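Keep the viewer open as you read.

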Amino acid sequence: MFHAIVRVVPGSVIKVRREEKLGFLERLYVPAIAKGLRVTSRHFFRNLRGFVTGKRRTDFVVQYPEERVDYADAFRGMPVLVALESGEPRCVACGLCEFACPTDCITIVPGETETARIERHPEVFDIDMSRCMFCGLCEEACPEEAIVMSREVEIAAYRRDDMYFRKQDLLVPEALLKRRLDFLRGEYRRASEPAEAGE
Ligand code: SF4
Ligand code: SF4
(Lines give C-alpha, C1' and ligand atoms only; values in the text may rest on other atoms or scores of the structure.)
(Ligands and ions follow the chains in the order given, each with its own letter.)
Protein backbone atom coordinates (compact mmCIF):
# COMPACT_ATOMS: atom_id res chain seq x y z
CA MET A 1 0.00 0.00 0.00
CA PHE A 2 1.38 3.45 -0.92
CA HIS A 3 0.92 6.71 0.95
CA ALA A 4 2.41 9.56 -0.98
CA ILE A 5 2.74 13.20 0.00
CA VAL A 6 1.04 14.73 -3.04
CA ARG A 7 1.94 18.41 -2.60
CA VAL A 8 4.84 18.75 -4.99
CA VAL A 9 7.28 21.63 -4.76
CA PRO A 10 9.49 21.91 -7.84
CA GLY A 11 12.95 20.57 -7.09
CA SER A 12 11.87 18.92 -3.83
CA VAL A 13 12.16 15.24 -3.02
CA ILE A 14 8.89 13.36 -2.67
CA LYS A 15 8.93 10.92 0.20
CA VAL A 16 6.92 7.78 -0.38
CA ARG A 17 6.13 5.74 2.71
CA ARG A 18 5.75 2.07 1.96
CA GLU A 19 3.85 -0.11 4.37
CA GLU A 20 5.03 -3.60 3.79
CA LYS A 21 3.78 -5.52 6.78
CA LEU A 22 3.40 -8.94 5.24
CA GLY A 23 1.97 -11.86 7.19
CA PHE A 24 3.56 -15.26 7.40
CA LEU A 25 1.51 -16.72 4.50
CA GLU A 26 2.03 -13.63 2.38
CA ARG A 27 5.76 -13.95 2.81
CA LEU A 28 5.42 -17.50 1.46
CA TYR A 29 3.40 -16.14 -1.52
CA VAL A 30 0.48 -18.42 -0.64
CA PRO A 31 -2.35 -15.90 -1.31
CA ALA A 32 -0.72 -14.78 -4.57
CA ILE A 33 -0.26 -18.36 -5.77
CA ALA A 34 -3.87 -19.23 -4.86
CA LYS A 35 -5.10 -16.15 -6.71
CA GLY A 36 -3.08 -17.07 -9.80
CA LEU A 37 -4.34 -20.64 -9.75
CA ARG A 38 -7.92 -19.42 -9.42
CA VAL A 39 -7.59 -17.22 -12.52
CA THR A 40 -5.84 -19.95 -14.50
CA SER A 41 -8.43 -22.57 -13.53
CA ARG A 42 -11.29 -20.26 -14.39
CA HIS A 43 -9.93 -19.71 -17.89
CA PHE A 44 -9.08 -23.37 -18.31
CA PHE A 45 -12.57 -24.65 -17.46
CA ARG A 46 -14.32 -21.89 -19.34
CA ASN A 47 -12.35 -22.66 -22.47
CA LEU A 48 -12.70 -26.41 -21.97
CA ARG A 49 -16.46 -25.99 -21.83
CA GLY A 50 -16.36 -23.82 -24.93
CA PHE A 51 -14.16 -26.35 -26.71
CA VAL A 52 -16.52 -29.26 -25.88
CA THR A 53 -19.78 -27.45 -26.57
CA GLY A 54 -18.50 -25.18 -29.32
CA LYS A 55 -20.22 -22.25 -27.62
CA ARG A 56 -18.90 -19.19 -25.86
CA ARG A 57 -15.32 -20.05 -26.56
CA THR A 58 -13.27 -17.14 -25.31
CA ASP A 59 -9.73 -18.32 -25.78
CA PHE A 60 -7.52 -16.88 -28.49
CA VAL A 61 -5.51 -19.62 -30.13
CA VAL A 62 -3.84 -19.47 -33.51
CA GLN A 63 -2.96 -22.83 -35.04
CA TYR A 64 0.51 -21.71 -36.05
CA PRO A 65 2.03 -22.22 -38.62
CA GLU A 66 -1.12 -23.12 -40.58
CA GLU A 67 -2.80 -19.98 -39.28
CA ARG A 68 -1.08 -16.62 -39.04
CA VAL A 69 -1.94 -13.46 -37.19
CA ASP A 70 -2.44 -10.40 -39.34
CA TYR A 71 -0.06 -8.09 -37.57
CA ALA A 72 -0.93 -4.43 -37.12
CA ASP A 73 0.56 -2.01 -39.63
CA ALA A 74 2.75 -0.59 -36.89
CA PHE A 75 4.35 -4.02 -36.34
CA ARG A 76 8.11 -4.08 -36.84
CA GLY A 77 9.52 -7.23 -38.35
CA MET A 78 12.81 -7.64 -40.14
CA PRO A 79 14.10 -4.54 -41.99
CA VAL A 80 14.09 -4.96 -45.78
CA LEU A 81 15.05 -2.91 -48.81
CA VAL A 82 12.35 -1.50 -51.07
CA ALA A 83 12.85 -2.73 -54.64
CA LEU A 84 11.73 -0.62 -57.61
CA GLU A 85 9.93 -2.17 -60.57
CA SER A 86 13.29 -2.57 -62.27
CA GLY A 87 14.42 -4.72 -59.34
CA GLU A 88 16.97 -2.14 -58.23
CA PRO A 89 16.91 -0.89 -54.65
CA ARG A 90 15.45 2.53 -54.02
CA CYS A 91 18.40 3.15 -51.71
CA VAL A 92 20.88 5.88 -52.69
CA ALA A 93 23.57 4.63 -50.30
CA CYS A 94 23.58 7.79 -48.21
CA GLY A 95 24.59 5.78 -45.16
CA LEU A 96 22.13 7.42 -42.73
CA CYS A 97 20.59 4.10 -41.69
CA GLU A 98 24.05 2.64 -41.12
CA PHE A 99 24.87 5.62 -38.91
CA ALA A 100 21.57 5.43 -37.02
CA CYS A 101 21.74 1.70 -36.33
CA PRO A 102 22.53 1.23 -32.63
CA THR A 103 23.88 -2.28 -33.08
CA ASP A 104 26.12 -1.56 -36.08
CA CYS A 105 24.57 -4.39 -37.99
CA ILE A 106 24.25 -2.58 -41.34
CA THR A 107 27.15 -2.55 -43.79
CA ILE A 108 26.92 -0.37 -46.91
CA VAL A 109 29.46 0.07 -49.67
CA PRO A 110 28.28 2.84 -52.02
CA GLY A 111 28.96 2.83 -55.72
CA GLU A 112 28.14 4.81 -58.84
CA THR A 113 25.37 3.83 -61.21
CA GLU A 114 24.59 4.73 -64.81
CA THR A 115 20.82 4.98 -64.35
CA ALA A 116 19.20 8.39 -64.78
CA ARG A 117 17.22 8.19 -61.55
CA ILE A 118 20.14 8.25 -59.17
CA GLU A 119 23.90 8.47 -59.30
CA ARG A 120 24.63 6.37 -56.25
CA HIS A 121 23.47 2.98 -55.21
CA PRO A 122 24.59 0.42 -52.67
CA GLU A 123 27.03 -2.03 -54.23
CA VAL A 124 26.91 -3.84 -50.92
CA PHE A 125 24.06 -3.65 -48.44
CA ASP A 126 24.23 -6.27 -45.71
CA ILE A 127 22.36 -6.61 -42.46
CA ASP A 128 23.55 -8.95 -39.74
CA MET A 129 20.17 -10.11 -38.46
CA SER A 130 21.73 -11.86 -35.48
CA ARG A 131 22.45 -8.38 -34.12
CA CYS A 132 19.39 -6.51 -35.34
CA MET A 133 16.96 -5.65 -32.54
CA PHE A 134 14.10 -4.57 -34.80
CA CYS A 135 14.16 -1.06 -33.38
CA GLY A 136 13.23 0.61 -36.66
CA LEU A 137 15.74 3.44 -36.35
CA CYS A 138 17.13 2.66 -39.82
CA GLU A 139 13.63 3.11 -41.23
CA GLU A 140 13.20 6.41 -39.41
CA ALA A 141 16.56 7.72 -40.58
CA CYS A 142 16.03 6.89 -44.25
CA PRO A 143 15.11 9.94 -46.38
CA GLU A 144 14.14 7.79 -49.38
CA GLU A 145 11.68 5.27 -47.88
CA ALA A 146 14.20 2.74 -49.06
CA ILE A 147 14.46 0.59 -45.93
CA VAL A 148 11.31 -0.38 -44.05
CA MET A 149 10.30 -2.78 -41.35
CA SER A 150 8.53 -5.76 -42.89
CA ARG A 151 6.23 -8.34 -41.29
CA GLU A 152 8.84 -11.07 -41.57
CA VAL A 153 9.89 -12.55 -38.24
CA GLU A 154 10.67 -16.15 -39.15
CA ILE A 155 14.39 -15.72 -39.64
CA ALA A 156 15.82 -18.43 -37.41
CA ALA A 157 18.95 -20.20 -38.62
CA TYR A 158 21.23 -22.95 -37.39
CA ARG A 159 24.43 -21.05 -38.11
CA ARG A 160 25.31 -17.47 -37.25
CA ASP A 161 26.61 -16.93 -40.80
CA ASP A 162 23.15 -17.69 -42.18
CA MET A 163 21.83 -14.65 -40.34
CA TYR A 164 23.89 -12.40 -42.57
CA PHE A 165 21.45 -11.04 -45.16
CA ARG A 166 22.89 -9.67 -48.41
CA LYS A 167 21.33 -7.03 -50.64
CA GLN A 168 19.63 -9.59 -52.85
CA ASP A 169 18.12 -11.31 -49.79
CA LEU A 170 16.79 -8.01 -48.49
CA LEU A 171 15.09 -6.70 -51.63
CA VAL A 172 11.29 -6.82 -51.53
CA PRO A 173 9.04 -5.38 -54.27
CA GLU A 174 7.47 -2.08 -53.32
CA ALA A 175 3.96 -3.44 -53.96
CA LEU A 176 4.38 -6.01 -51.19
CA LEU A 177 5.38 -3.31 -48.73
CA LYS A 178 2.49 -0.98 -49.55
CA ARG A 179 0.78 -1.35 -46.17
CA ARG A 180 3.92 -0.39 -44.29
CA LEU A 181 4.73 2.49 -46.63
CA ASP A 182 1.17 3.83 -46.34
CA PHE A 183 1.41 3.53 -42.56
CA LEU A 184 4.69 5.47 -42.49
CA ARG A 185 3.33 8.20 -44.76
CA GLY A 186 0.32 8.51 -42.45
CA GLU A 187 2.63 8.80 -39.44
CA TYR A 188 4.78 11.47 -41.10
CA ARG A 189 1.65 13.39 -42.07
CA ARG A 190 0.37 13.20 -38.51
CA ALA A 191 3.70 14.34 -37.10
CA SER A 192 3.84 17.36 -39.42
CA GLU A 193 0.24 18.48 -38.86
CA PRO A 194 0.78 20.48 -35.62
CA ALA A 195 3.75 22.29 -37.18
CA GLU A 196 1.76 23.13 -40.29
CA ALA A 197 -1.22 24.24 -38.22
CA GLY A 198 1.02 26.57 -36.20
CA GLU A 199 2.42 28.30 -39.29
S1 SF4 B 1 16.04 -2.29 -36.99
FE2 SF4 B 1 17.47 -1.23 -35.59
S3 SF4 B 1 19.03 -2.73 -35.13
FE4 SF4 B 1 17.94 -3.50 -36.92
S5 SF4 B 1 19.09 -2.76 -38.70
FE6 SF4 B 1 17.53 -1.23 -38.27
S7 SF4 B 1 18.52 0.28 -36.91
FE8 SF4 B 1 19.77 -1.59 -36.90
S1 SF4 C 1 19.18 5.67 -45.20
FE2 SF4 C 1 17.93 4.84 -46.89
S3 SF4 C 1 18.83 5.69 -48.74
FE4 SF4 C 1 20.33 5.98 -47.09
S5 SF4 C 1 21.65 4.17 -47.19
FE6 SF4 C 1 20.02 3.67 -45.75
S7 SF4 C 1 18.43 2.65 -46.96
FE8 SF4 C 1 19.81 3.70 -48.38
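Phenylalanine 134 is exposed, since it has 12 other C-beta atoms within 10 Å. The scale here goes by C-beta atoms placed from the backbone: with 20 or more others within 10 Å of its own a residue is buried, with 12 or fewer it's exposed, and in between it's partly exposed. You'll find Phe134 in the loop between strand 5 (120-128) and helix 4 (137-141); helices (H or I, at least four residues) and strands (E, at least two) are DSSP runs, numbered from the N terminus. The phi of Phe134 is near 55°, a positive value in a residue other than glycine.

This is a predicted model, where local features need pLDDT of at least 70 and side-chain atom pairs count only at pLDDT 80 or more, while totals for chains, interfaces and linings use all residues. As for labels, residues are numbered from 1 along each chain as its sequence is written, and chains are lettered from A and ligands numbered from 1 in the order in which they are written.

Glutamate 145 also has a positive phi near 55°. It sits in the loop between helix 4 and strand 6, and is partly exposed, with 17 other C-beta atoms within 10 Å. Another backbone spot to look at is the peptide bond from tyrosine 64 to proline 65, which is cis, with omega near 5°. Pro65 belongs to the loop between helix 2 (30-53) and strand 3. Why pick these out? Most residues other than glycine have a negative phi, and most peptide bonds are trans.

Three strands form an open sheet in the order 6-3-8, with mixed pairing; two strands pair if DSSP finds at least two bridges between them. Strand 6 (147-149) and strand 8 (171-173) are at the edges with a single partner strand each, so one side of each has no neighbour in the sheet. From one strand to the next, the twist averages 50°, taking axes as lines fitted to C-alpha atoms and angles from 0 to 180 degrees between N-to-C directions. Strand 3 (residues 79-83) and strand 6 run antiparallel, joined by 3 bridges, and proline 79 is opposite methionine 149 of strand 6.

Finally, the ligands. Around ligand 1 there are 15 residues, with Cys101, Cys132, Cys135, Leu137 and Cys138 coming nearest; a residue counts if its C-beta atom, placed from the backbone, lies within 6 Å. Ligand 2 has 13 residues around it, the closest being Cys91, Cys94, Cys97, Cys142 and Ile147.
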